[in-house]
Amino acid sequence: MRSARRDFRDEELLADVIARLIGDVRHVAVGNASPIPATAALLARERGHGKPYVSLLQSRKHNFFTDGARELFDCAGQGRIDVFFLSGGQIDGQGNINLVSIGDYAHPQVRFPGSFGSAYLYYVVPKVILFRTEHSRRTLVPRVDFVSAPGASEPNVYRPGGPIALVTSRCLFSFADGHFTLESVHPGHTVAEVIENTGFDFERPDTAPETPAPTPETLKLIRAVVAPQLAEVYPQFAAGVFGAAVPSPFSGGTIRG
Amino acid sequence: MTDMRDNGMAKPTTSLDEALAPIQDGCLLVVPREVSGVPMAATRALIRRSVKRLHLVALPTSSLQADLLIGAACIATLETSAVSLGEFGPAPRFTAAVTSGAIAMKDATCPALHAGLQAAEKGVPFMPLRGLIGSDVLKYRDDWKAIDNPFGDCDPIVLLPAIKPEVALFHAPMADRFGNVWIGRQRELATMAHAAVKTVVTVEKLHDGDLLADPLLAAGTLPGFYVDSVAVAERGCWPLPLPDHYAADAEHLALYAKLAATAEGFAEYLDRYVYEKRAA
């Protein structure tokens, strides 16, 4: 640990990093089982005094869609969603993500849930932020076993979107021109540790800066304003991390849909 | 209750087992995602009836429902974008069945399933969709085809064949005696019903009156024209949620995740919660 004293939680640091990546946009959508990206999106909205629109797909309250589950995808196809989050059982150095299986597809050794909307949203949402807390050679691999969605496409393939960054428990990578670059290392972690635990090659400056810790103002916003909103969608996460109470028994469900 | 079939209206409500009669062995069945009203009481009834060889299309994902049907050996083919128990971890019977090859898996991506059903509801043979090109999702779907956009210039795009389910099955808050079903904002339920040959619905309760007579309710109503049978099943989504009505039963789902981790535990779960055998 490089910092003498930490007054923030890992989840708060990661949400702060992601909120900065979101930037000044109109609409952020957050998919299933993504409590930290959801925290980040709600934080960005608080900082922007109501902007961007945030659609938490499992939420009743933070979700304006009224035309069924397809509306999100139709919206994205038109360019009406600026930021989305994806993850992967494996992520490789070309930005390919694998949400399906390890080993031969017909006879997998390990099976993950499936590709969800990735094989579409990765192409059409301009800023896709990859988020995977487990930063290990198991998750960050030289080449994924199954391409749920590729990091880059041939020039003639319609692709206004794609990955811009990968956030892990250890560091922040940016993604451009088909590869990752180390941007910053989170407090308490080192470049050597990042190299040791990353299965793919990446660009890095001679000295990588430390990811800035969340400011007291940010921590206050997360704990006092964001956490209670989050509790509707992620009651177990909000209670476990922030001690936030569940506001209503009629949440959109505690597991993904 | 008056039989409305004579004037083209849907059948009156019936018992759960009677309502499920259209779902026969080998049926191409479409069911909704977790936040849209998963018919769990109906699913347990199908397992008790030992339905076999279903081709299940879960629009666009599934959780407990697919896992239960797979574990109970009701499914031959599963077509969906993901199956998991969310905060409660991987779907154990799904995972075991895919790794052992016990079911045929047709991996999709969410909008592809929506698009396939939309093609069916329009009565057209296919729907184009962006994305997909260069993915292994496309590579392993020999029923999907990339063509050059006939209106563009060197612009490849994927065509998805229409998905025409034999039966759509879901749970909704209420239906009236004309077979009209109030689905609220869960519009994908209407798409499912439009696309399917037959639609079977379970509901929390019967609405006294005509849902189409009130414009506020009519906007969220699936007309009985599309509905073949309706059965009342109170708390019909349990242990999954019915949004705006009741939350998921987290304790029960945690118990399921624990038991279903092994074949023996899963069998015990079926005995206790599906077959409802009393302890000796």
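User: How are helices and strands defined in this predicted model?

Analyst: The model is predicted. Helices and strands are taken from DSSP runs and numbered from the N terminus.

User: How many helices and strands does chain A have?

Analyst: The C-alpha trace of chain A spans about 50 × 45 × 35 Å along its principal axes. Within this trace, the secondary structure of chain A comes to seven helices and 12 strands.

User: What is the radius of gyration of chain A, and what would a compact globule have?

Analyst: Chain A holds 257 residues, of which 53% count as buried. Among its contacts with a separation of 6 or more, 64% join residues 24 or more positions apart. For 257 residues, a compact globule would have a radius of gyration near 18 Å, and chain A agrees with this, at 18 Å.

User: What is the radius of gyration of chain B?

Analyst: Chain B has 10 helices and 12 strands. The globule rule gives 19 Å for 280 residues, and chain B comes close to that, so it is as compact as a globular protein of that length; its radius of gyration is 19 Å.

User: What percentage of the residues of chain B count as buried?

Analyst: Along the principal axes, the C-alpha atoms of chain B fill a box of roughly 60 × 50 × 30 Å. Of the contacts in chain B with a separation of 6 or more, 72% come from residues 24 or more positions apart. The share of its 280 residues that count as buried is 55%.

User: Which element gives the largest share of the side of chain A that touches chain B?

Analyst: The contact takes 45 residues from chain A and 53 residues from chain B. On the side of chain A, the elements that give two or more residues are helix H3 (70-77), strand S7 and helix H4 (118-124). The largest share, five residues, comes from H4(A).

User: Is B:Leu69 buried or exposed?

Analyst: B:Leu69 is found in helix H3 of chain B. Leaving aside residues up to four places away in sequence, B:Leu69 touches B:Thr43, B:Ile47, B:Leu54, B:Leu56, B:Cys74 and B:Ile75. The cut-off for burial is 20 or more other C-beta atoms within 10 Å. B:Leu69 has 25 of them, and therefore it is buried.

User: Which elements do the buried residues of H4(B) pack against?

Analyst: Helix H4 of chain B, residues 92-100, is mostly covered, with seven of its nine residues buried. These are B:Pro92, B:Arg93, B:Phe94, B:Thr95, B:Ala96, B:Ala97 and B:Val98. Just after the helix, B:Gly101 takes a positive phi of about 80°. The buried residues pack against helix H3 (64-71), strand S4 (104-107) and helix H10 (263-274) of chain B, together with strand S7 (107-111) of chain A.

User: Which residues make the contact between H3(B) and H4(B)?

Analyst: The axes of H3(B) and H4(B) are 7 Å apart, and the helices pack at an angle of about 55°. That angle makes H3(B) oblique to H4(B), and H3(B) passes H4(B) in a left-handed crossing. By class, the contact has five nonpolar, one polar and two charged residues. The contact is made by B:Ala66, B:Asp67, B:Ile70 and B:Gly71 of H3(B) with B:Pro92, B:Arg93, B:Phe94 and B:Ala97 of H4(B).

User: Which residues of H5(B) and H7(B) meet?

Analyst: The axes of H5(B), residues 110-122, and H7(B), residues 187-195, come within 8 Å and cross at roughly 50°. The two helices are therefore oblique to each other, and H5(B) passes H7(B) in a left-handed crossing. From H5(B), B:His114, B:Leu117, B:Gln118, B:Ala120 and B:Glu121 meet residues of H7(B), namely B:Glu188, B:Thr191, B:Met192, B:His194 and B:Ala195.

Terms used
Residues are numbered from 1 along each chain as its sequence is written. Chains are lettered from A and ligands numbered from 1 in the order in which they are written. This is a predicted model: local features need pLDDT of at least 70, side-chain atom pairs count only at pLDDT 80 or more; totals for chains, interfaces and linings use all residues. A residue is buried if 20 or more other C-beta atoms lie within 10 Å of its own, exposed if 12 or fewer, and partly exposed in between; C-beta atoms are placed from the backbone. Helices (H or I, at least four residues) and strands (E, at least two) are DSSP runs, numbered from the N terminus. Two residues are in contact if their C-beta atoms, placed from the backbone, lie within 7 Å. Axes are lines fitted to C-alpha atoms, for helices over the stretch in contact, and angles run from 0 to 180 degrees between N-to-C directions. Angles under 35 degrees count as roughly parallel, over 145 as roughly antiparallel, 65 to 115 as roughly perpendicular and the rest as oblique. A crossing is left-handed if the near helix is turned anticlockwise from the far one by less than a right angle, and right-handed if clockwise. The radius of gyration is taken over C-alpha atoms; the globule rule is 2.2 Å times the number of residues to the power 0.38. Ala, Val, Leu, Ile, Met, Phe, Trp, Tyr, Cys and Pro count as nonpolar, Asp, Glu, Lys and Arg as charged, and the others, Gly among them, as polar.
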